[in-house]
Amino acid sequence: MVPILLVLLLAVILFGIGFAVKVLWWVALAVFVVWLLGFLFRGAHAGGGGRSRWYRW
């Protein structure tokens, strides 16, 4: 009985890790799209010189 419980526990842990990694990939993709859109739209309004970046680094 104990080996079956250990295998089920391992399966649940691995499924949870796989689901979390998949969610993190979608979050990373959304952040990249927002960054890219902000970079492109802010770059279109950049006038003559100065600090026209929308980020602080």
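A residue counts as exposed when its relative accessible area is over 50% and as buried when it is under 20%. The exercises below apply to a predicted model.

**Exercise 1.** What secondary structure does the chain have, and what share of its residues is buried?

Solution. The chain holds 1 helix and 0 strands. Buried residues account for 2% of the 57 residues.

**Exercise 2.** Classify the ring pair of Phe15 and Phe19 as stacked, tilted or edge-to-face.

Solution. Rings pair if their centres lie within 6.5 Å, and planes under 30 degrees apart count as stacked. By this rule the chain has 2 aromatic pairs. For Phe15 and Phe19 the ring centres are 6.5 Å apart and the planes meet at 20°, so this pair is stacked.

**Exercise 3.** Is Trp26 buried or exposed? Locate Trp26 in the secondary structure and in the surface patch.

Solution. Step one is the location: Trp26 lies in helix 1, which covers residues 2-44. Step two is the accessibility: the relative value for Trp26 is 56%, and the cut-off for exposed is over 50%, so Trp26 is exposed. Step three is the patch: Trp26 belongs to a nonpolar surface patch with Leu29, Phe32, Val33, Trp35, Leu36, Leu37, Phe39, Leu40 and Phe41. Together these residues have about 1000 Å² of accessible area.

Note on methods. Residues are numbered from 1 along each chain as its sequence is written. This is a predicted model: local features need pLDDT of at least 70, side-chain atom pairs count only at pLDDT 80 or more; totals for chains, interfaces and linings use all residues. Side-chain values use heavy atoms; hydrogens and water are left out. Patches are made of residues with over 30% relative accessible area and no salt bridge: like charges are joined within 9 Å, nonpolar side chains (Val, Leu, Ile, Met, Phe, Trp, Tyr) within 5 Å. Accessible areas come from the Shrake-Rupley method with a 1.4 Å probe; for residues, only the protein chains shown count as cover. A salt bridge is a side-chain nitrogen of Lys or Arg within 4 Å of a carboxyl oxygen of Asp or Glu. Helices (H or I, at least four residues) and strands (E, at least two) are DSSP runs, numbered from the N terminus. Buried means under 20% relative accessible area, exposed over 50%, partly exposed in between (1.4 Å probe, protein chains only). Rings of Phe, Tyr and Trp (its six-membered ring) pair if their centres lie within 6.5 Å; planes under 30 degrees apart count as stacked, over 60 as edge-to-face and the rest as tilted.
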